[in-house]
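Thanks for coming, everyone. I'll go through one structure, feature by feature. Please have the sequence and the coordinates open.

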Amino acid sequence: AFGVIADIQFADAEDGHDFGGYRRRYYRHSLRLLREAVRAWAGESPPIDFVLQLGDSIDGQNARRGEAESALQEVLAVLGQLSVPVHHAWGNHELYNFSRARLVSSGLCSRPAGGSDGPPDPECHAYHCSPAPRLRLVVLDTYDLSTLGRDPGSPLYQESLRLLREKNPNDDPNSPAGLKEPHFVAFNGGFSQAQLDWFNEVLKFSDENQEKVIVMGHVPIHPGASNGVCLAWNYEAALAVIYSHRCVVCVLAGHLHDGAYCRDSHGVHHLTLDGVIETPPESNAFATMYVYEDKMILKGRGRIPDRVMHF
């Protein structure tokens with residue numbers, strides 16, 4: 001069993017709204033909701049084995065306020081009350097606050113030391129581990145290709161900028177207005193070929209060892225678990241890797257604060273969790289997942305509905 005939560009986006013700030021000005025965001029209350037989640041997970045019986053934090057743990061406004069480090073420490077202190085590992089995805093809001101180089105040395109770097117379990121690039125936050133026999137967790141870096149967080153002089157930044165401008169000529173690169181492919185916006189990202197090659201090798205190993213694989217990352221990789229905008233740039237490439245193997249049973253993501261779910265044509269479950277940041281203080285948005293030989297059962301809290309996902 002494991003806990004899962006997405007888009008906490010904590011800031012020590014009064015309530016605000018999304019970029020469109022329509023949806024309320026509860027910046028300060030998000031930390032209280034995280035505390036409630038941690039208390040619930042700590043009281044689980046039998047105990048949970050780990051927690052997945054699906055990215056955007058703090059809000060981008062912390063950088064402007066000079067509070068990025070202190071906000072991050074507050075979130076990590078709450079999660080640190082757990083006696084189990086926490087696996088972190090990196091989202092766009094982490095990259096609004098910190099460079100990749102800083103994130104690698106932060107408490108959000110849950111990739112094992114030494115880098116043997118991830119791609120060659122030490123700043124690519126992707127890795128895999130086996131939390132139970134015949135079960136593998138793969139953490140993907142959905143901003144490996146991105147204009148966020150990378151040195152503008154680096155080859156990956158230049159490749160990302162070229163791709164973004166080729167697909168999105170808008171003055172505001174965060175605007176999907178008029179685009180044929182509206183997911184090509186700067187607040188999304190994608191996968192380098194090096195990460196996709198590594199992902200393919202991991203799944204090949206899991207196939208050979210008859211493992212079930214759970215994949216996690218911040219940005220959804222299937223249109224059916226998205227709103228058409230919140231979707232990884234080269235999601236088709238990631239799906240092609242998954243579909244060339246038999247082992248992946250579930251992909252977990254955040255980013256889309258409304259949440260979404262689909263079971264795709266290959267039987268893979270894609271679950272996008274509702275975001276804590278837009279959850280009213282009297283509700284919540286976290287879940288516990290129970291893994292069995294033939295299914296996963298999601299026990300949701302607050303905005304997140306219960307769900308049974310058969311393999």
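One definition before we start: buried means under 20% relative accessible area, exposed means over 50%, and partly exposed is in between, with a 1.4 Å probe and protein chains only. By that scale, proline 182 is partly exposed, because its relative accessibility is 25%.

Some ground rules. This is a predicted model, where local features need pLDDT of at least 70, side-chain atom pairs count only at pLDDT 80 or more, and totals for chains, interfaces and linings use all residues. Residues are numbered from 1 along each chain as its sequence is written, and side-chain values use heavy atoms, with hydrogens and water left out.

Back to proline 182. It is in the loop between α6 and α7 (193-208). Helices here are DSSP runs of H or I with at least four residues, strands are runs of E with at least two, and both are numbered from the N terminus. The C-alpha atom of proline 182 is 9.5 Å from that of tryptophan 233, and the two residues are 51 apart along the chain.

Now two helices. The expected span of a helix is 1.5 Å times one less than its number of residues. Which residues of α3 are buried? They are Ala68, Ala71, Leu72, Val75, Leu76, Val78 and Leu79. These residues lie on the same side of α3, because their arc around the axis is only 160 degrees. The arc is taken from the directions from the helix axis to the C-beta atoms.

Helix α6 next. It has 13 residues and reaches 18 Å from first C-alpha to last, close to the expected 18 Å. Buried in α6 are Leu156, Tyr157, Ser160, Leu163 and Leu164. Their arc is only 135 degrees around the axis, so they too sit on the same side of α6. Pro155 and Glu166 are exposed on the other side.

Serine 154 is buried, because its relative accessible area is 18%. A polar atom of its side chain lies 2.8 Å from the backbone oxygen of aspartate 151. That falls under our polar contact rule: a pair of N or O atoms within 3.5 Å, where within protein one must be able to donate a hydrogen and the other to accept it, and residues adjacent in sequence count only if both atoms are side-chain atoms.

On to aromatics. Rings of Phe, Tyr and Trp (its six-membered ring) pair if their centres lie within 6.5 Å; planes under 30 degrees apart are stacked, over 60 edge-to-face, and the rest tilted. How many aromatic pairs does this rule give? Three. In one of them, phenylalanine 2 and phenylalanine 50 are stacked, because their ring centres are 4.8 Å apart and their planes are at 10 degrees. This pair links distant parts of the chain: phenylalanine 2 is in β1 (residues 2-5), phenylalanine 50 is in β4 (residues 50-53), and 48 residues separate them. Phenylalanine 2 is buried at 0% relative accessibility, and phenylalanine 50 is buried at 5%.

Another pair is tryptophan 41 with phenylalanine 286. Their centres are 5.5 Å apart and their planes are at 85 degrees, so this pair is edge-to-face. Tryptophan 41 belongs to α1 (residues 29-42) and phenylalanine 286 to β12 (residues 285-291), 245 residues apart. Both residues are buried.

Cysteines, quickly. A disulfide here is a pair of cysteine sulfur atoms within 2.5 Å. The whole structure has zero disulfides. For cysteine 230, the nearest is that of cysteine 262, at 15 Å. Cysteine 129 is partly exposed at 22%, whereas cysteine 230 is buried at 9%.

Last, the backbone. Most residues other than glycine have a negative phi, and most peptide bonds are trans. The bond from serine 45 to proline 46 is cis, with omega near 0 degrees. Proline 46 is in the loop between α1 and β4. Aspartate 7 has a positive phi, near 55 degrees. It is buried, at 0% relative accessibility. Glutamine 210 also has a positive phi, about 55 degrees, but glutamine 210 is exposed, at 61%.
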